Amino acid sequence: MTAETSTWATKKGLAQMLKGGVIMDVMNVEQARIAEEAGATSVMALERVPAMIRAEGGVARMAKPSLIKQIIQAVSIPVMAKCRIGHFAEAQILQELGVDYIDESEVLTPADEAHHVDKHAFKVPFVCGCRDLGEALRRISECAAMIRTKGEAGTGDIVEAVRHIRTLMAEIRRLGAMREDELFVAAKELGAPYDLVKQVHDDGRLPVVNFVAGGIAIPADAALAMQLGAEGVFVGSGIFKSENPARTAEAIVQATLHYDNPKIIAEVSKGLGAPMRGIAAASVPEPERLAVRGW
Amino acid sequence: MKIGVLALHGAFIEHIHLLESIGIEAVKIRLPEDLDGVSGLIIPGGESTTMRKLTARWGMREPILGLAAKGAPILGTCAGMIVVASEIADGDEPVFPMIDVTVRRNAFGRQLDSFETELSMPVVGDTPIHAIFIRAPIIERVGPGVETLASLPDGRVVAVRQRNVIAISFHPELAGETRIHRLIATMAADFSEPGEGTVVARTEPGIRRDASPGASRGRSE
């Protein structure tokens with residue numbers, strides 16, 4: 001009776017436990033506790049939320065080990081942390097620190113403009129961003145055990161998140177409607193491995209859990225994402241850049257759970273104070289767009 | 001007969017699919033009124049702190065405790081095990097205390113320590129269960145009247161039963177393991193049609209006739 005750790009089932013299984021929930025960006029222990037108290041299913045430890053990275057510029061790297069350790073000790077829910085795209089040495093350090101999930105994230109400054117981290121080489125599971133099905137399946141072929149659509153992080157504008165989840169879900173439906181002999185060309189056009197394309201065709205869904213990220217700022221945004229097919233949401237700047245983070249966090253948790261019950265969402269949306277101000281994603285100049293990072 | 005699955009967050013859809021695969025109607029439970037007419041309840045894996053928060057917010061505590069008190073079968077898996085325990089080792093208040101055990105959260109460590117193994121669980125038959133443990137809890141204290149259903153080779157208890165409540169550390173719904181759900185379905189049938197007798201229920205549709213003799217052992221109390 002031998003026990004095997006870090007299997008594919010345990011890696012993608014943890015993401016299955018987070019479904020229907022909210023993963024919140026936090027920058028310190030106090031925020032991590034607020035998030036946990038609000039009902040977050042996980043927290044993402046980082047030094048600057050995307051809106052700050054956007055405003056301040058500079059190179060965005062993984063968070064300091066001391067910060068990650070403090071947050072791990074402060075909460076009992078799973079703790080995630082971000083590494084730069086392709087920066088497998090940062091990922092090795094995050095694994096060593098004992099984080100529960102690594103987000104190989106376009107929000108940080110990419111370290112490699114061709115290669116993502118070979119996630120098969122790690123015991124810790126990874127979540128990766130995508131804008132469409134091809135990108136999602138390329139990441140899964142690298143052993144991403146969870147996917148999130150990217151949106152445009154740090155804007156508080158939901159429009160890119162909507163574009164990405166709609167694109168992804170439409171492409172999944174399209175594959176499902178194809179004849180089996182059409183899947184070979186579909187794989188070529190998606191730039192994704194045939195086996196994964198076939199699996200999506202057969203199952204009508206991604207082989208891993210998919211959340212929506214990038215631009216969720218109010219409860220209605222979370223409900224929109226869920227109704228479009230998200231299995232949960234990441235909220236970055238939307239909580240701790242709002243006037244009342246604790247109440248906003250709790251309201252977004254409730255809206256993610258009761259996404260198809262507008263009566264409840266109306267109720268929890270009352271008295272939250274001002275949401276993050278945000279910037280229209282369309283006004284972000286091309287070189288400053290984060291979603292295009294990742295290959 | 002239908003069985004409810006607490007659908008606040010976590011792996012609830014997997015339980016629903018598993019129940020449907022053995023011919024049992026499953027309903028999502030999000031608000032107290034969703035419990036009307038259910039003959040059993042499954043509390044799935046997820047984060048127990050989140051479930052505590054969400055169930056308190058919508059007044060789920062009394063209705064769920066009431067269902068258990070009436071004798072409907074309750075199955076808690078992973079976080080669900082924490083939710084039904086009468087005591088939580090790190091000092092947190094119990095959520096829905098309905099089985100006399102002390103449970104320790106994240107007892108194996110962090111995600112890096114999550115694992116899969118084969119587990120003997122005689123109550124569902126002689127073939128071992130393929131058990132997936134994800135940031136799993138364990139039972140540290142088994143109260144009087146609580147039966148141990150499965151333990152790891154080192155003796156740590158990972159599955160228990162007290163009357164109509166079963167709590168397990170692992171995830172049958174991720175492994176396609178239907179036998180525990182069949183047991184709950186049998187208990188739910190007994191609950192919804194008292195007087196029919198367990199002998200009848202054991203051979204009803206949804207219960208595999210080829211289940212080994214061990215499958216009935218847990219109900220002999």
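**The interface between chains A and B**

In this predicted model, five salt bridges are found across the interface of chain A and chain B, a salt bridge being a side-chain nitrogen of Lys or Arg within 4 Å of a carboxyl oxygen of Asp or Glu. In one salt bridge, the side chain of K19(A) meets that of E14(B), with 2.5 Å from N to O. On the side of chain A that touches chain B, at least two residues each come from β1 (4–5), α1 (8–18), α2 (29–38), α12 (245–257) and α13 (262–268) of chain A; helices (H or I, at least four residues) and strands (E, at least two) are DSSP runs, numbered from the N terminus. With eight residues, α1(A) gives the largest share of this side.

Turning to overall extent, 45 residues of chain A contact 39 residues of chain B, where contact means heavy atoms within 4.5 Å. The buried area between the two chains is about 3300 Å², 58% of it from carbon and sulfur atoms; this is the accessible area (1.4 Å probe) that two parts lose on being put together, summed over both.

The chains also meet through strands. β1(A) and β7 of chain B (residues 115–119) run antiparallel and are joined by two bridges, and two strands pair if DSSP finds at least two bridges between them. Here E4(A) has E116(B) as its bridge partner in β7(B).

Residues are numbered from 1 along each chain as its sequence is written, and chains are lettered from A in the order in which they are written. Local features need pLDDT of at least 70 and side-chain atom pairs pLDDT 80 or more, while totals for chains, interfaces and linings use all residues, and side-chain values use heavy atoms, without hydrogens and water.
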